[in-house]
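Subject: Structure handover

Hello,

Here is the structure you are taking over. Please look at it first; notes on what was found follow below.

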Amino acid sequence: MAVSVILAHPRPGSFNHALAGVVCETLADLGVEVWFHDLCAEGFEALLPAAEIPRDASLPPLIASHCREAAAAEGFVIVHPNWWGMPPAVLVGWVDRVMRPGLAYEFLEGDGGEGVPRGLLAARAAVVLNTSNTAAQREREVFGDPLERIWKDCVFGLCGVADVRRRMFETLVTSSSGQRRGWLEEASALTAAAFGPA
């Protein structure tokens, strides 16, 4: 089994980096192959060029490599902060450029793109780990928890991944070192539950 771990936080040493680190360690301990990408450190270009939009577009080698991994991955772990109720731009760009038609989803025969697509990803599960400085109750009551809809319905659900597990760690800015240690343990347990032996 191989799991694609995607980190999107610009500051080295962030708690998001710690979450990604414990996820990779947990997966390795389970004997799972880890395909790890720190998008910011790698300088992933978020902008989707017009030339990449066609389904049969010739892709740059880096994007083609990400696409091959996404198609082959048996799971995903996405780690990012909650910024304006959205993932950071670099991660939105990764979705735009990598979750392509013909790879992540397709429209049925006779459908010109106006219908409901069929998911193509082989992944059995996805885990999304977010950090936030907004309390969970406020996130739900005031904002409607848009990240839940984005990842569960708009990205992974649409692309055929039915088992999507998400955890928001909040409120990060006022958290103690003890809380963060507990959150890392929780992230490890969630990862093991999603990708460990059935």
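Which residue of β3 does L7 stand opposite? L7 stands opposite V79. Strands here, like helices, are DSSP runs numbered from the N terminus (strands E, at least two residues; helices H or I, at least four).

This is a predicted model, in which local features need pLDDT of at least 70 and side-chain atom pairs count only at pLDDT 80 or more, while totals for chains, interfaces and linings use all residues. Residues are numbered from 1 along each chain as its sequence is written, and side-chain values use heavy atoms, with hydrogens and water left out.

The sheet

Five strands make an open sheet in the order β2-β1-β3-β6-β7, with parallel pairing; two strands pair if DSSP finds at least two bridges between them. β2 (33–38) and β7 each have a single partner strand and stand at the edges, so one side of each is left without a neighbour in the sheet. On average, neighbouring strands of this sheet are turned by 15° against each other, direction ignored (axes are lines fitted to C-alpha atoms, for helices over the stretch in contact, and angles between N-to-C directions run from 0 to 180 degrees).

Strand β3 (residues 75–81) pairs with β1 (residues 2–7) in the parallel sense over five bridges, and V3 has G75 as its bridge partner in β3. Seven bridges join β3 to β6, again running parallel; here V77 is partnered by V127. Seven of the seven residues of β3 are buried, meaning under 20% relative accessible area with a 1.4 Å probe, protein chains only. On one side these are G75, V77, V79 and P81, and on the other F76, I78 and H80.

Helix α7 packs on the sheet and touches β1, β3, β6 (125–131) and β7, where contact means heavy atoms within 4.5 Å. The direction of α7 makes about 180° with that of β7.

Aromatic rings

Six aromatic pairs turn up in the whole structure. Rings of Phe, Tyr and Trp (its six-membered ring) pair if their centres lie within 6.5 Å; planes under 30 degrees apart count as stacked, over 60 as edge-to-face and the rest as tilted. The ring centres of F169 and W183 are 5.7 Å apart and the planes are at 40°, so this pair is tilted. F169 lies in β7 (residues 163–169) and W183 in α7 (residues 177–195), so the pair ties together parts that are 14 residues apart in sequence. Both F169 and W183 are buried.

Regards

Conventions:
Buried means under 20% relative accessible area, exposed over 50%, partly exposed in between (1.4 Å probe, protein chains only).
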